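Me: I would like to go through a structure with you, starting with the ligands and then moving on to the chains and helices. Here it is.

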Amino acid sequence: MSLIVEASVDERGVEVALEVAKGETVALLGPNGAGKSTVLSVLAGHLVPDRGRVVLDGRVLTSQGRPGERRTQIPPHDRRVSLLAQEPLLFPHLSVLDNVAFGPRSTGAGRAAARETARQWLEEVGVADLAGRRPAEISGGQAQRAAVARALAATPSLMLLDEPMAALDVDVAPQLRQTLRRVLADRTVLLVTHDVLDALLLADRVVVLEDGAVVEHGPCAEVLSRPRSSFAARIAGLNMLRGAWRDGAVEVAYGGRSMRVEGIAADPVPGEGEEAVAVFGPSAVSVFLEAPHGSPRNAVEVTLSDLEPHGGQVRVRAGTLSADVSVRAVSELDLAPGTRGYFVVKASEVAIYRTR
Amino acid sequence: MSLIVEASVDERGVEVALEVAKGETVALLGPNGAGKSTVLSVLAGHLVPDRGRVVLDGRVLTSQGRPGERRTQIPPHDRRVSLLAQEPLLFPHLSVLDNVAFGPRSTGAGRAAARETARQWLEEVGVADLAGRRPAEISGGQAQRAAVARALAATPSLMLLDEPMAALDVDVAPQLRQTLRRVLADRTVLLVTHDVLDALLLADRVVVLEDGAVVEHGPCAEVLSRPRSSFAARIAGLNMLRGAWRDGAVEVAYGGRSMRVEGIAADPVPGEGEEAVAVFGPSAVSVFLEAPHGSPRNAVEVTLSDLEPHGGQVRVRAGTLSADVSVRAVSELDLAPGTRGYFVVKASEVAIYRTR
Amino acid sequence: MGVPRWLFVPALLGAAFVLLPLVAIVARTPWSRFLELITSESSQQALALSLRTSATSTAICVLLGVPMAVVLARTSFRGQGILRSLVLLPLVLPPVVGGIALLYTFGRRGLLGETFDVLGIQVAFSTTAVVLAQTFVAMPFLVVSLEGALRSAGRRYEAVAASLGARPTTVFRRVTLPLVLPGLASGAVLAFARSLGEFGATITFAGSLQGITRTLPLEIYLRRETDAEAAVALSLVLVVVAVVVIGFARQSRSAV
Amino acid sequence: MGVPRWLFVPALLGAAFVLLPLVAIVARTPWSRFLELITSESSQQALALSLRTSATSTAICVLLGVPMAVVLARTSFRGQGILRSLVLLPLVLPPVVGGIALLYTFGRRGLLGETFDVLGIQVAFSTTAVVLAQTFVAMPFLVVSLEGALRSAGRRYEAVAASLGARPTTVFRRVTLPLVLPGLASGAVLAFARSLGEFGATITFAGSLQGITRTLPLEIYLRRETDAEAAVALSLVLVVVAVVVIGFARQSRSAV
Amino acid sequence: GTGGGEEAGAGDGGTATITVFAAASLTSSFEQVAADFEAENDGVDVQLNFAGSSDLVAQIQEGAPADVFASADEANMDKATADDLVDAPALFASNTLAIAVPPGNPAGVTSVDDLAADGLNLVLCAPEVPCGAAAEAVAEAADLDLSPVSEEQSVTDVLAKVSTGEADAGLVYVTDVIAAGDDVEGVEIPEDVNAVNLYPIATVADSEEAELAQGFVDLVLARTGQDVLADAGFAPAP
Ligand SMILES: Nc1ncnc2c1ncn2[C@@H]1O[C@H](COP(=O)(O)OP(=O)(O)OP(=O)(O)O)[C@@H](O)[C@H]1O
Ligand SMILES: Nc1ncnc2c1ncn2[C@@H]1O[C@H](COP(=O)(O)OP(=O)(O)OP(=O)(O)O)[C@@H](O)[C@H]1O
Ligand code: MOO
Ligand SMILES: [Mg+2]
Ligand SMILES: [Mg+2]
């Protein structure tokens, strides 16, 4: 492992342990306030954890509150860890070019060489024409791109990126994503994002944080196809119901009622009474106004909260569940927010597995 | 019209004219640096245009460099225009609650009433539990939500929102989108966004800016289904080729060659030699390794630049064009970045129309 | 963390340079007579007068100086640069010349003397004159530090407040002032300290009447004529008072 | 735009209060003898000496004061609060007492006197003593304004720089210093102005000899004994020099 | 006439105040005289304003509320009489110069002639101030070419340089040597080369308490005042 972290920050309710292998890119996902930026601050050395340990390439960067171990807190500049924070924070007194050249210069490059490197990175993120401007004279998205270039131009052992793609226009986002994909390929990276696409394309593994703790981790594809946390399910666009495995079905409490959800249980089959989740895609869900008859079906009584267009179909939401139905179905059934009905899904479309 | 704007800011190369009707929400789209934030600054009164006029509900807020007209520049606080900027900029010395209560208090509400209003808005955006914290003690996304609440709690004649949904997690984005949809319904709003979904769900009309000028405007659905600007096409996820209408086809220069694109020309049919665009969705595009034979087809020779998963299929990009193909096709044809081939689309799937 | 190590060398040198003379004073203080010296009636009166007048002049500096700083930092008009330089002048004027200038202005034969005479106000040689002299020399301190703080705080938060409908007065009271409070506090501390140490302008403009215009620095000066050690002892009192006041100001500030 | 209207009333009052005494000085200046007075050899020498020593002491203040301000603003250690108050003390010490303290320290029989004697350095009655006196009184100005600027600039940019691999020295040189340049400039202007006007500590510590230790303020005092009008004329020269220097500093700063 | 003030304006236990402007070198003497005056005159309060003589003249010129002015030299009193600010002055004391040397007399100064020695750190008052004029007179009378390392603003400044050992010798008033106690040692200057400085006192023309003011002047000139002054080392006025 290149990076091994264990850190508790009591004031923020964060207690996290995770690892990143050399050359691996790990996406850190989680709702607002989950503790993602906090983890990055600890890694960058800007925040001293109450207890914890950070080891990068065998070097102890932080060791705090560990009995029998020497307190260590390597200062930020000596960590070979670069952080692209949530705000661009371009140095206001330097031109965009010199902002990007700052990293190379600081790590020993000559002025001309650093500027040359900087120019290349600005080219990569598509703002080379703004090289001479001051940060106050460029737009929000342009600043974000320059900040990405600055972070990339530094060549650290570990890169921390906090939502590098926020504030970027549709035009540049895919282009920058390609750039990142290429340049991050052989770097060790921890990437905070709210965008599944970023996770899928850029990361080898994802780690999901909720309320300051790791609730799930694994290869992207696995986490996104078989989410165990509700957050992962939501970002994967999947419906998830959680309950106890009893008698060959998951007993779920939903909307104040208890019900049994049947499906295909994956190996290892959950033990009796063990926590399990039932997961199914919105496209597997049909919407009915009356409770359907016919046995191998799961039906959940719902009140529609919201409809929105979704790639040629309509995504119908009801609480935490959603269904994708055709436009025709919507108009035939006269679906609208407030309509009461049933979300129905065949047992063969439901995957059931243990949560750990 | 509730709002009428005409403004030129020479230093930023911006020259824009647009209108917003009373109670209407207009989405302002455009690439980074197009001038979106600049327009909002002019409206909010923070930037004095070199030439221009801003009229809100019949009241002249700005009038600059217009011969025969009195110079006017109503100060920001007197405009009844509230601006949610790209950065949250919460007052660092006030609690989150008092930040949100600031607008109501400033416009005359008592302390208790203002706090009550503030509490409701914090509830709406889902950070009511952070009411007592200082801005420095909350996460980036939480700050963004509080800033949204603060902007909403002020009850101005015109609301300006600059990317209100950036930095929000997948969890809260839809929820906040619903909130905005409800509360913006009868307000006059100008909304800057990079997200088509925001435009579709929240806005009545969209205005597309490119390089400081309005290149296109109209009802959302129309602009997104029949884009006339390449930016609108891209955010709508459509392919667009632009050229001159000659002999019943659009003559396009693409990849250094000239070719003819056939399709269904919409009324009014373009005049001979007039500029026209050919628009088609990625799902209408097939990918071949050899030039296909058989007549009513348009084929573009391309070099694949990039492939990414896209809702069960794979989106294959080549320059500005993209095609959605099945995973099987990708593996059968062994498609990869760098592969040379042909994007082929039936004439019946191509819409052709004039650009103005 | 984060501060280059070598910086501590000149920092220590600087601290030593400022602190050694203080140590020297303490070393030469006649401790056996110390209590007697500092509890004498004239010392007590002088100290009380110094504290009273310095507090008043600091208050006036805040009342007039904050608006000046705001106007200098937040507006621009022709001649602003010259005005800013002129406002700094009491800094550079030797205090006695400042005292003369005040006499020329508020004295019976001064610019405003007649006006004041008609109003029946006698400014010179009264406690009011002490306050005026202190205010004159202390004002630039407050204005300069506050203007700096205002400039570095920038206008972005004020813009946000205005767009939320806050009128300029509200913005000033609820955003501008709280944001620059640290700058205002250190400006006020500077102004208070300068007032407390003021000597030249006071003796020239206000005279040196026990209990009325003889502040602690004047008392020190007078003692020095006859008893240099006593002057040193009293200076030490001034130093202690200043340290206490400054420390107190810091504490209550960080408590806010 | 944006400044509450009513603020202009106290601002004007404050400006008038500071400016009227200057007007009064100008009004009393003996214009017929003005040129003769200010071009006399002693005046010229005093002015030249003042400019030279003030520039030197400002440079020393920057060299030692910047590190002190950085250490105070960017580190925390036990006793820092007291140290900060102590560093402010030369502000509150009546200059004459400051001069005595310097004598007790650098004088022949002072704390460091013997050390200096051994090194063959004679501080007293030399131009060096003038520079030391000016540095002593001017240092707190630089430290206080710079520390304020450092605190309000915050540490976020420094954190970014460190995460880009910049060592503390690089951060200091390429981020911290440029960011607080306005604060440093106004601190240096304050220090220069205070040095230029310094009287009490100089006369007490350095003495007063034409061309060597008699700076312009000392010359003004001496003239005043025999010819008050001449003193006023020379004060005006001091004022003009100060305005020019301050104005110049501002200009070159905004040009950066 | 020590009783002069008794019948004056504030005689019957009122709260009359007179303000005496006196040269700083008179501080301790005049504090004593004022106490005596208050003791003799019930209900009368004497306010003392001490500063350099030229400061005091400037203040009186600008309308300061003074009743009595005592100067350390005739030049400053002359300024006041020239502007008709004071009534006819009377000389009430005189002072002569002495050489002050640090305790132990490290440079071994024993006579006026030693002041011209090479390498001696000599401090004088500047010629513009009274004690400096006197020093010039001494140099001339003794036919010495003095090259001081500093020409100070006031006697106090000269004394400070000497008492701290910074200077090897300085010329100050005899009274200053006495007041400084152990801080300095005095070396007498022979009468034939010494200079005499005269102290005049006068009532201020605008005084609202003219009788009390005259009473104070009288007290200074009377035995009581003269004794106090003699204790401080002043010689009587010629
Ligand atoms: N203060 C300034 N001075 C000069 N030019 C500026 C300034 N701020 C922005 N610009 C330039 O003006 C143009 C418009 O900027 P604006 O901020 O309006 O863009 P935007 O559409 O909001 O972009 P984004 O999506 O990145 O926020 C850009 O080219 C930018 O570089
Ligand atoms: N300076 C602070 N002091 C105390 N609590 C804080 C501070 N900064 C953040 N928090 C709290 O700590 C928790 C974790 O915050 P963090 O910034 O790590 O979240 P995040 O996962 O980055 O969220 P986002 O997606 O909104 O950026 C949140 O509950 C937040 O309110
Ligand atoms: O009037 Mo003085 O104080 O002897 O120079
Ligand atoms: Mg965050
Ligand atoms: Mg913008």
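Reply: One term is needed at the outset: a polar contact is a pair of N or O atoms within 3.5 Å. Please also note that this is a predicted model.

Me: Understood. How far does the polar side-chain atom of A:Ser37 lie from an oxygen atom of ligand 2?

Reply: The distance is 2.6 Å, from a polar side-chain atom of A:Ser37 to an oxygen atom of ligand 2. That is a polar contact, because the pair must lie within 3.5 Å.

Me: How many residues surround ligand 2, and which are the closest?

Reply: There are 21 residues around ligand 2, and the closest are A:Lys36, A:Ser37, A:Thr38, B:Ser139 and B:Gly141. The site is shared between chains, because residues from chains A and B surround the ligand.

Me: And what surrounds ligand 1?

Reply: Ligand 1 is surrounded by 20 residues, of which A:Ser139, A:Gly141, B:Lys36, B:Ser37 and B:Thr38 are the closest. Chains A and B both supply residues here, so this site is shared between chains as well.

Me: Which atoms make the polar contacts there?

Reply: From chain A, a polar side-chain atom of A:Arg133 lies 2.7 Å from an oxygen atom of ligand 1, and a backbone N or O atom of A:Ala136 lies 2.9 Å from a nitrogen atom of the ligand. From chain B, the side chain of B:Ser37 places an N or O atom 2.6 Å from an oxygen atom of ligand 1.

Me: Which residues are around ligand 3?

Reply: They are E:Ala23, E:Ala24, E:Ser25, E:Gly52, E:Ser53 and E:Ala72. By class, this shell has three nonpolar, three polar and no charged residues. An N or O atom in the side chain of E:Ser53 is 2.4 Å from an oxygen atom of ligand 3, and for the side chain of E:Ser25 the corresponding distance is 3.4 Å.

Me: Changing topic: which chains share the most contacts?

Reply: Chains C and D do, of the eight pairs of chains in contact. Chain E does not touch chain A, and their nearest C-alpha atoms are 49 Å apart. Chain E does not touch chain B either, with the nearest C-alpha atoms 50 Å apart.

Me: How do helix 1 of chain C and helix 5 of chain D cross?

Reply: Their axes come within 8 Å and cross at roughly 90 degrees, so helix 1 of chain C and helix 5 of chain D are roughly perpendicular to each other. The residues in contact include C:Phe17, C:Leu20 and C:Arg28 on helix 1 of chain C, and D:Val97, D:Tyr104 and D:Phe106 on helix 5 of chain D. By class, the contact has ten nonpolar, one polar and one charged residues.

Me: What about helix 3 and helix 10 within chain D?

Reply: Helix 3 (residues 41–74) and helix 10 (residues 181–197) of chain D pack at an angle of about 140 degrees, with axes 9 Å apart. These two helices of chain D are therefore oblique to each other, and helix 3 passes helix 10 in a right-handed crossing. Among the contacting residues are D:Ser54, D:Cys61 and D:Val66 of helix 3, and D:Leu184, D:Phe192 and D:Leu196 of helix 10.

Me: What classes of residue make up that contact?

Reply: The contact of helix 3 with helix 10 of chain D has ten nonpolar, five polar and no charged residues.

Note on methods:
Residues are numbered from 1 along each chain as its sequence is written. Chains are lettered from A and ligands numbered from 1 in the order in which they are written. This is a predicted model: local features need pLDDT of at least 70, side-chain atom pairs count only at pLDDT 80 or more; totals for chains, interfaces and linings use all residues. Side-chain values use heavy atoms; hydrogens and water are left out. Axes are lines fitted to C-alpha atoms, for helices over the stretch in contact, and angles run from 0 to 180 degrees between N-to-C directions. Helices (H or I, at least four residues) and strands (E, at least two) are DSSP runs, numbered from the N terminus. Angles under 35 degrees count as roughly parallel, over 145 as roughly antiparallel, 65 to 115 as roughly perpendicular and the rest as oblique. A crossing is left-handed if the near helix is turned anticlockwise from the far one by less than a right angle, and right-handed if clockwise. Contact means heavy atoms within 4.5 Å. Ala, Val, Leu, Ile, Met, Phe, Trp, Tyr, Cys and Pro count as nonpolar, Asp, Glu, Lys and Arg as charged, and the others, Gly among them, as polar. A residue is near a molecule or strand if one of its heavy atoms lies within 4 Å of it. A polar contact is a pair of N or O atoms within 3.5 Å; within protein, one must be able to donate a hydrogen and the other to accept it, and residues adjacent in sequence count only if both atoms are side-chain atoms.
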